[in-house]
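These are my notebook entries on a structure that I examined entry by entry. I record what I looked up and the criteria that I applied.

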Amino acid sequence: MLFYTHLMIGIVAFILTKNFFSGGNEIIFFLLVLLASVFPDIDDGKSKIKKASGIIGSIISFTFKHRGIFHSVFMALGFFLITAIFWNSYYAFAILIGYLSHLFGDMITPMGIKIFYPLSDFKIRGWIRVGGIGEWVVLFGMVILIAKELLF
Ligand SMILES: [Zn+2]
């Protein structure tokens, strides 16, 4: 999925889940969901997040293959645990929600993701091509859901 589609799926994930969590600042929670919703593509040398993250992004995208460990549920859980232990479990859930929303977005594309990589090569994939008409439908649907939340 493309950058903006991931952001929109992240915003929808935030809207759907925010009321289940409390214990901190909701704006920080929201920003963390957004950040985590685009972060996994740091393993892609051409992604916006890789370019925005400077040398760290360069090292990660050089070292790890795209849609490998950074697109597995273990990385999502790893960031969740690290944040919960060293910072705050409320914000840890924000990162988990954003991260899982990213994995969901990539899961519905034909390339799919290896959700349990590197333990298993089991792959979940869908039929929505990146940048194709299906992605625009998803993006449009997300914008409608967000607009509905903001207006009603
Ligand atoms: Zn991705």
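**Entry: a helix pair.** I began with helix α1 (residues 3–17) and helix α6 (89–107), which pack at an angle of about 130° with their axes 9 Å apart. I took helices (H or I, at least four residues) and strands (E, at least two) as DSSP runs, numbered from the N terminus. The axes are lines fitted to C-alpha atoms, for helices over the stretch in contact, and angles run from 0 to 180 degrees between N-to-C directions. I therefore noted α1 and α6 as oblique to each other. Angles under 35 degrees count as roughly parallel, over 145 as roughly antiparallel, 65 to 115 as roughly perpendicular and the rest as oblique. I recorded the crossing of α1 and α6 as right-handed; a crossing is right-handed if the near helix is turned clockwise from the far one by less than a right angle, and left-handed if anticlockwise.

**Entry: basis of the model.** I noted that the model is predicted, that local features need pLDDT of at least 70 and side-chain atom pairs pLDDT 80 or more, and that totals for chains, interfaces and linings use all residues. Residues are numbered from 1 along each chain as its sequence is written, and side-chain values use heavy atoms, with hydrogens and water left out.

**Entry: salt bridges.** How many salt bridges does the structure hold? I found four, a salt bridge being a side-chain nitrogen of Lys or Arg within 4 Å of a carboxyl oxygen of Asp or Glu. Side chains of opposite charge can pair when their charged atoms come close.

I looked up K18 and E149, whose side chains meet in a salt bridge at 3.9 Å, N to O. This pair links distant parts of the chain, with K18 in the loop between α1 and α2 (26–38) and E149 in helix α7, 131 residues apart. K18 is buried at 16% relative accessible area, whereas E149 is partly exposed at 36%. For these terms, buried means under 20% relative accessible area, exposed over 50%, and partly exposed in between (1.4 Å probe, protein chains only).

I next looked up R67 and D106, which form a salt bridge with the closest N and O atoms 3.2 Å apart. R67 lies in the loop between α4 and α5 and D106 in helix α6, 39 residues apart, and this pair also links distant parts of the chain. R67 is buried at 7% relative accessibility, and D106 is buried at 1%.

D121 and K114 also meet in a salt bridge, at 3.7 Å, N to O. I noted D121 as exposed, with a relative accessible area of 55%.

**Entry: backbone.** I noted that R67 has a positive phi of about 60° although it is not a glycine. I also found a cis peptide bond joining Y117 and P118, with omega about 5°. P118 is in the loop between α6 and α7.

**Entry: surface patch.** Which residues form a nonpolar patch on the surface? I listed F74, F116, L119 and F122, with about 420 Å² of accessible area together. Patches are made of residues with over 30% relative accessible area and no salt bridge, with like charges joined within 9 Å and nonpolar side chains (Val, Leu, Ile, Met, Phe, Trp, Tyr) within 5 Å. Accessible areas come from the Shrake-Rupley method with a 1.4 Å probe; for residues, only the protein chains shown count as cover. F122 is in the loop between α6 and α7 (133–151) and is partly exposed at 46% relative accessible area.
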